[in-house]
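Hi everyone, thanks for coming. Please have a look at the structure on the screen, and then I'll walk you through one part of it.

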Amino acid sequence: SKAEENFGFDSSPCTDVSRSIENASYVYYLLNKGILEGYEDKTCRPYASVSNAEFVKMLILLDQERGQ
């Protein structure tokens, strides 16, 4: 099904993350949990650097997710 192909999404939320990239399942897991949001242009930019603030936000959200 389409949802299985897109890691639980009906359609791919990020045009630049396909199943063929090495860490696609991790990117989609974080998107599904709301830890990553992607950008307005429907990209996730999986190879882009993140700022310290973005990294800390992801850690906090991941910690909150694990605590539930």
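Let's start with Cys44: leaving out residues up to four places away in sequence, Cys44 touches Cys14, Asp16, Val17, Val27, Leu31, Gly38 and Tyr39, where contact means heavy atoms within 4.5 Å. A word on the source: this is a predicted model, where local features need pLDDT of at least 70 and side-chain atom pairs count only at pLDDT 80 or more, while totals for chains, interfaces and linings use all residues. Residues are numbered from 1 along each chain as its sequence is written, and side-chain values use heavy atoms, with hydrogens and water left out.

Now, which residue pairs with Cys44 in a disulfide? Cys14 does, with the two sulfur atoms 1.7 Å apart; the cut-off for a disulfide is a pair of cysteine sulfur atoms within 2.5 Å. Cys14 sits in the loop between helix H1 (2-5) and H2, and Cys44 in the loop between H2 and H3, so the pair ties together parts 30 residues apart in sequence. Helices here are DSSP runs (H or I, at least four residues), numbered from the N terminus. The whole structure has one disulfide.

Are these cysteines buried or exposed? Cys14 is buried at 1% relative accessibility, and Cys44 is buried too, at 13%. Buried means under 20% relative accessible area, with a 1.4 Å probe and protein chains only.

Both belong to the largest nonpolar core, whose eight residues also include Val17, Ile21 and Tyr28. Such a core is a set of buried Ala, Val, Leu, Ile, Met, Phe, Trp, Tyr and Cys residues joined through side-chain atoms within 4.5 Å.

How values were computed:
Buried means under 20% relative accessible area, exposed over 50%, partly exposed in between (1.4 Å probe, protein chains only). Helices (H or I, at least four residues) and strands (E, at least two) are DSSP runs, numbered from the N terminus.
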